[in-house]
Amino acid sequence: MTDTATTGLTDTEAAEFRQKCVDFMDQYGTKPAANLDDQKAFLAASAGAGLAGLPVAAEYGGGGLTLAHEKIWREVKGNYPMPDGEFIISHGMCLPMLAEYGTHEQKERFLADNISGKTMWCQMFSEPGAGSDVASLQTKAELDGDEWVLNGQKVWTTLAHKSDYGLVVARTDPDQVKHAGISMFILDMRGQGVEIRPIHQIDGGSHFNEVFMTDARIPKDWLEPRHGDVDVRACRHRWRRRRQDQPAELQDAAQGRRVDRPDQQSGGARSDDEDLVDGDLQVAGGDEDPRRDEGR
Ligand SMILES: Cc1cc2nc3c(=O)[nH]c(=O)nc-3n(C[C@H](O)[C@H](O)[C@H](O)COP(=O)(O)OP(=O)(O)OC[C@H]3O[C@@H](n4cnc5c(N)ncnc54)[C@H](O)[C@@H]3O)c2cc1C
């Protein structure tokens with residue numbers, strides 16, 4: 001049977017692609033990653049095999065494939081130990097955001113390295129006084145010649161201490177109502193004026209951070225194009241709604257839980273593909289949030 005109407009793939013194409021994924025994982029993905037270098041090596045190999053950033057255009061280092069391919073890849077990957085867990089924000093949040101909203105120059109410069117794991121990215125929305133209500137954020141960015149100057153504090157920044165770059169939201173127009181006048185920037189996490197302090201967890205771990213920006217300078221063109229018009233509430237709600245709408249199998253695959261392959265299912269499984277639309281990268285990446293609580 002051909003299923004091109006909903007997935008863009010014939011059954012034969014889907015089966016061939018699934019086999020390619022299985023072959024790759026059998027070769028590279030049977031052992032859990034011991035450290036970040038292992039994860040980077042896995043991602044570099046994935047990118048080399050055309051199995052990273054699947055729905056992203058090839059010119060930006062992606063696979064140039066479809067969300068149907070992405071879904072198959074995740075299903076297969078979910079049957080192996082998680083090989084790239086620390087890239088969950090980098091690939092789950094930042095990659096889809098950059099791919100959807102970045103300028104051509106930003107994508108050209110940053111996407112391939114993000115996809116291949118050469119660089120890791122973090123996301124800086126939350127602040128001490130702006131958690132659930134992100135629109136209360138106080139971090140501000142002011143243009144000074146060819147650079148933006150950032151001042152403020154973020155909190156709960158997952159893996160900031162291992163990240164090379166971050167997406168940070170800041171107020172660029174303080175005269176607007178609080179949910180407007182907000183912009184998003186690419187921040188060099190190792191740049192001057194960026195201080196990362198670990199948050200020590202009660203279990204001894206330390207995955208999250210406070211990030212202090214003191215006159216941190218960002219090149220003018222590292223501004224994401226929705227200048228002053230980033231709707232942080234919509235981002236959050238959109239992600240949440242999409243996640244609720246997602247088929248259970250895709251959520252399982254994204255979270256690394258074992259899923260039955262379609263040929264092993266006992267029947268009655270609904271078609272997932274009605275939820276997958278090419279180019280809708282929020283679906284491709286936005287489901288990877290590791291945080292279980294919806295308010296996060
Ligand atoms: C594991 C983990 C990783 C995270 N990683 C990141 C990250 O990488 N980047 C990032 O930017 N943020 C991150 N966060 C932060 C997260 O996304 C939320 O912004 C943050 O946890 C919520 O803010 P808060 O802790 O200040 O709580 P608050 O927003 O102050 O909420 C406190 C309590 O009040 C409740 N509450 C809030 N508003 C209302 C309301 N209007 N009505 C009723 N109840 C309400 C909440 O449900 C909660 O129980 C992370 C959080 C966790 C737990």
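Colleague: Where is the place of Asp215?
Modeller: This is a predicted model. Asp215 has a phi near 50°, a positive value in a residue other than glycine. Its place is in strand E7, residues 208-219.

Colleague: Which loop holds Leu159?
Modeller: Leu159 also needs a look at its backbone. Phi of Leu159 is near 60°, a positive value in a residue other than glycine. Leu159 is found in the loop between strand E3 (147-155) and strand E4 (165-171).

Colleague: Why does Leu159 count as buried?
Modeller: The cut-off for a buried residue is 20 or more other C-beta atoms within 10 Å. Leu159 counts as buried because its C-beta neighbours inside 10 Å number 21.

Colleague: Which strand gives the most to the shell around the ligand?
Modeller: The ligand is surrounded by 15 residues. The closest are Phe125, Gly131, Ser132, Trp156 and Thr158. With three residues, the strand that gives the most is E1, residues 121-124.

Colleague: How many charged residues does the shell around the ligand have?
Modeller: Sort the shell by class. Six residues are nonpolar and seven are polar. The charged residues number two.

Colleague: What share of the protein do buried residues make up?
Modeller: The protein has nine helices and seven strands. Of its 296 residues, the buried share is 41%.

Conventions:
Residues are numbered from 1 along each chain as its sequence is written. This is a predicted model: local features need pLDDT of at least 70, side-chain atom pairs count only at pLDDT 80 or more; totals for chains, interfaces and linings use all residues. A residue is near a molecule or strand if its C-beta atom, placed from the backbone, lies within 6 Å of it. Helices (H or I, at least four residues) and strands (E, at least two) are DSSP runs, numbered from the N terminus. Ala, Val, Leu, Ile, Met, Phe, Trp, Tyr, Cys and Pro count as nonpolar, Asp, Glu, Lys and Arg as charged, and the others, Gly among them, as polar. A residue is buried if 20 or more other C-beta atoms lie within 10 Å of its own, exposed if 12 or fewer, and partly exposed in between; C-beta atoms are placed from the backbone.
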